[in-house]
Amino acid sequence: MIETGVVGPSKQLFARVLERGISRGEVRADALDDLVLDVIPAMMMYRSKVCGSEWPDEEMADVIDRIMVPLVRSAPA
């Protein structure tokens, strides 16, 4: 249930976002892998299950900016 209803769809959506970033040269091609795709669902599950809370939009944006962008961005030209 969690895999098919939550984790799988979020990984598919994030994969499409990364593919668009790769095509624009903003994301490294090797950033599109299962480990990277697990980061956002893992963080969300941790926050939900361990901390007992949901993420406000501002905090989710912070996770993207501070964790995901440095993780996947391509090197400056």
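Start by selecting Met44, which sits in helix α2, residues 34-49 (helices are DSSP runs of H or I, at least four residues, numbered from the N terminus). You're looking at a predicted model, where local features need pLDDT of at least 70, side-chain atom pairs count only at pLDDT 80 or more, and totals for chains, interfaces and linings use all residues. Residues are numbered from 1 along each chain as its sequence is written, and side-chain values use heavy atoms, with hydrogens and water left out.

Met44 counts as partly exposed because its relative accessibility is 38% (buried is under 20% relative accessible area, exposed over 50%, partly exposed in between, with a 1.4 Å probe and protein chains only).

Next, colour all of α2. Which residues are buried in α2? Pick out Val36, Leu37, Ile40 and Pro41. Stay on Ile40, where α2 bends by about 30°, with the proline Pro41 following within four residues (the bend is the angle between axes fitted to the seven residues ending there and the seven starting there).

Finally, bring in helix α3, residues 57-72: its axis lies 11 Å from that of α2, and the two pack at an angle of about 150° (axes are lines fitted to C-alpha atoms, for helices over the stretch in contact, and angles run from 0 to 180 degrees between N-to-C directions). So α2 is roughly antiparallel to α3 (angles over 145 degrees count as roughly antiparallel, under 35 as roughly parallel, 65 to 115 as roughly perpendicular and the rest as oblique).
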